[in-house]
Amino acid sequence: GTYKDTKGSTLCLHCPKNRYNPDVGASVLMQCLSCPSGALTAEGGMESQSACFCDVASYQMNFGLDTSLRCSSCPTGGICADGSCAFNVDGIQCSAEPILGEWRRSGDGMFLLSSCPEGHSLINSTSGTSRGIFSHDAQHCKPCSVQKEYVLNPSLDTCQACPPGLTCHGNSAVTPVLEGSVWAAQ
């Protein structure tokens, strides 16, 4: 956790915050190793990578037998009101409110949004839909506008504008404006 930057000096300096040094006899600051990307330490002078932890706005990707520290930014749908990441907590939740959708860990430890509740569309791409180029950070459940939009399959479809002649409710339910008329999804 220390290094000596002046030859002959008896004074050892602590490695700065977010760095650590497992070696005895370090002679330059560069021997203090940086924590992995997205990780930090509580203070300076740390001796091992085990002192590093993921920032509250990110989460630890590795689990099980994987002992290396890998942090990932939190997807939009996992960010709590206080700015922390819901995936940093057992049970995948924020302290004050639940997060929307069904989330699963992939084989490489990343959290992926697999479905959204009724009245929402699953967003997981750079195009702002569930189709297109995947974006880990964009993942979230977008609520459909009540009376202006509908969505038939929240995990596949995006919120659609309510067609003329219908009253929409922000989910899969629609009400024909003309009595006796019938509307069917195609």
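Okay, let's start with a cysteine: Cys116 counts as buried, because its relative accessibility is 10%. Buried here means under 20% relative accessible area, exposed means over 50%, and partly exposed is what falls in between, with a 1.4 Å probe and protein chains only. Its partner is Cys141, and the two form a disulfide with their sulfur atoms 2.2 Å apart. For that word, the rule is a pair of cysteine sulfur atoms within 2.5 Å. The torsion about this S-S bond is about -90°, so the Cys116 and Cys141 disulfide is left-handed. It links distant parts of the chain: Cys116 is in the loop between strand 10 (111-115) and strand 11 (120-123), while Cys141 is in strand 12 (residues 140-143), 25 residues apart. Cys141 is buried as well, because it comes out at 9% relative accessibility.

Quick housekeeping before I go on. This is a predicted model, so local features need pLDDT of at least 70 and side-chain atom pairs count only at pLDDT 80 or more, whereas totals for chains, interfaces and linings use all residues. Residues are numbered from 1 along each chain as its sequence is written, and side-chain values use heavy atoms, with hydrogens and water left out. When I say strand, I mean a DSSP run of E with at least two residues, and helices would be H or I runs of at least four, numbered from the N terminus.

Back to the cysteines. How many disulfides does the rule give? The count comes to eight. Among them is Cys74 with Cys85, sulfur atoms 2.3 Å apart. That link is right-handed, with 75° about the S-S bond. Both of these cysteines sit in the loop between strand 8 and strand 9, 11 residues apart, and both are buried.

Another one is Cys80 with Cys94, at 2.1 Å between the sulfurs. Here the torsion is about -90°, so the disulfide of Cys80 and Cys94 is left-handed. Cys80 and Cys94 both lie in the loop between strand 8 and strand 9, so this pair ties together parts that are 14 residues apart in sequence. Cys80 and Cys94 are buried too.

Cys12 is partly exposed, with 39% relative accessible area.

Now the aromatics. A pair of rings is described by the distance of the centres and the angle of the planes. The cut-offs, for rings of Phe, Tyr and Trp (its six-membered ring): centres within 6.5 Å make a pair, planes under 30 degrees apart are stacked, over 60 edge-to-face, and the rest tilted. Searching the whole structure turns up four aromatic pairs. In one of them, Tyr59 and Phe87 have ring centres 5.5 Å apart and planes at 75°, so that pair is edge-to-face. Tyr59 is in strand 7 (residues 58-60) and Phe87 is in the loop between strand 8 (71-73) and strand 9 (102-105), so to speak two distant parts of the chain, 28 residues apart. Tyr59 and Phe87 are both buried, and together with Trp103 and Phe111 they form one aromatic cluster.

What about charges? A salt bridge, for us, is a side-chain nitrogen of Lys or Arg within 4 Å of a carboxyl oxygen of Asp or Glu. The whole structure gives one salt bridge. Its partners are Arg104 and Glu102, at 4.0 Å from N to O. Arg104 is partly exposed at 48% relative accessibility, and Glu102 is partly exposed at 37%.

Next, Asn171, in the loop between strand 15 (166-168) and strand 16 (174-176). Is Asn171 buried or exposed? It counts as buried, at 19% relative accessibility. Its side chain reaches the backbone nitrogen of Ala173 at 2.8 Å. Leaving out residues up to four places away in sequence, Asn171 touches Glu118, Gly119, Glu149, Tyr150 and Val151, where contact means heavy atoms within 4.5 Å.

Last bit, backbone. Most residues other than glycine have a negative phi. Asn18, though, has a positive phi near 75°; it sits in the loop between strand 2 (13-14) and strand 3 (19-20) and is partly exposed at 29%. Gln147 has a positive phi of about 75°. You'll find Gln147 in the loop between strand 12 and strand 13 (149-150), exposed at 61% relative accessible area.

Conventions:
A polar contact is a pair of N or O atoms within 3.5 Å; within protein, one must be able to donate a hydrogen and the other to accept it, and residues adjacent in sequence count only if both atoms are side-chain atoms.
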